[in-house]
Amino acid sequence: MSIHTGPVLLFQRALHLWVLLFLLTAIPAMDALWLDPVSPQHTTSGPRHALVQPFRVWLPVGAAPLLLVVTLLCALWGVFRPMRPWTAIVLWFGFTALMDLAFLAGSGGQQLIANFLFWNIGLACAHAHMPPWAHAHMPTCAHIRAWLPSLSFWIIRLQLLLAYAATAAHKLSGTLWIEGSAMGIVATDPAFGPGWIAQLPLLGMVLSWLVLLFQITFPIAVWYGAVRVPWMIAGIVFHLGTALWMEVPEMAFAFLVGYAIWLSEDEACVLLQRLRMRRATSAPAT
């Protein structure tokens, strides 16, 4: 299994930027989310719970601001610099602990990012230098460093495809998306909208089928260079539309973070180069 350096770097920068912006926008609601959450005793199951729950036992709720600051600093560092494994662990740990405290305000976007952050620990091993004690176990440590980043790279890639496949399967299990009425019904909800779609049933039907077709075909299309970029462009338009009109930006941009790791090496390097050039030209002259 191979790992593509450019897409990984772009993915990591986008991932850490998502976490940074999400936490900054959540600060005004800190009291309801973390200082006095509705149910701080909430528990979940699974391996992440087994790791995070002991931490939450000795972490007082009043310590949430300190945890928030540490998590923000880790995310900020990751936006500009390659992250080491221990920093990636702290970031994942802090984000998931904060997410568990505010579980009633959780979303699928946060869950997707939490999964990305966990496997990002493996990606960070590609930048790590082996500590002195590791030289006594050089063959084992070298072997782990060889396969763990590649394994994490492919799991993150497949996680995005699994999210689309699961969403499509859920839609296919009902009748509203198949008959084309789903978008029109969703548009009538004031929390989502836009309401004018409900006044155009034919448009709502076409949009419902296009969304369903896109989510079914995306996990297949990204494997083929001829259609991968058009499908990703369609996905960007779709997710930006849900972010603007349906007001679910964290979910929309969480999926777009995952797009970065599906770019080719050349595409990712072009984007990184343009970002560097824009940062360089925007810097004040000395």
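Author: Happy to! A search of the whole structure finds 16 aromatic pairs, where rings of Phe, Tyr and Trp (its six-membered ring) pair if their centres lie within 6.5 Å, with planes under 30 degrees apart counted as stacked, over 60 as edge-to-face and the rest as tilted. Phenylalanine 11 and phenylalanine 116 are edge-to-face, because their ring centres are 5.4 Å apart and their planes stand at 80°. This pair links distant parts of the chain, 105 residues apart: phenylalanine 11 belongs to helix α1 (residues 5-26) and phenylalanine 116 to helix α6 (residues 108-124). Helices here are DSSP runs (H or I, at least four residues), numbered from the N terminus. Phenylalanine 11 has 0% relative accessibility and so counts as buried; phenylalanine 116, at 1%, is buried too. Buried means under 20% relative accessible area, exposed over 50%, and partly exposed in between (1.4 Å probe, protein chains only).

Tryptophan 18 and phenylalanine 22 make a stacked pair, since their centres are 5.0 Å apart and their planes at 15°. They are 4 residues apart in helix α1, which means about one helical turn separates them. Both tryptophan 18 and phenylalanine 22 are buried.

Elsewhere, one aromatic cluster is formed by Tyr164, Phe214, Phe218, Phe238, Phe255 and Tyr259.

A word on the model: it is predicted, local features need pLDDT of at least 70, side-chain atom pairs count only at pLDDT 80 or more, and totals for chains, interfaces and linings use all residues. Residues are numbered from 1 along each chain as its sequence is written, and side-chain values use heavy atoms, leaving out hydrogens and water.

Key
Helix = DSSP H or I, 4+ residues; strand = E, 2+ residues; numbered from the N terminus.
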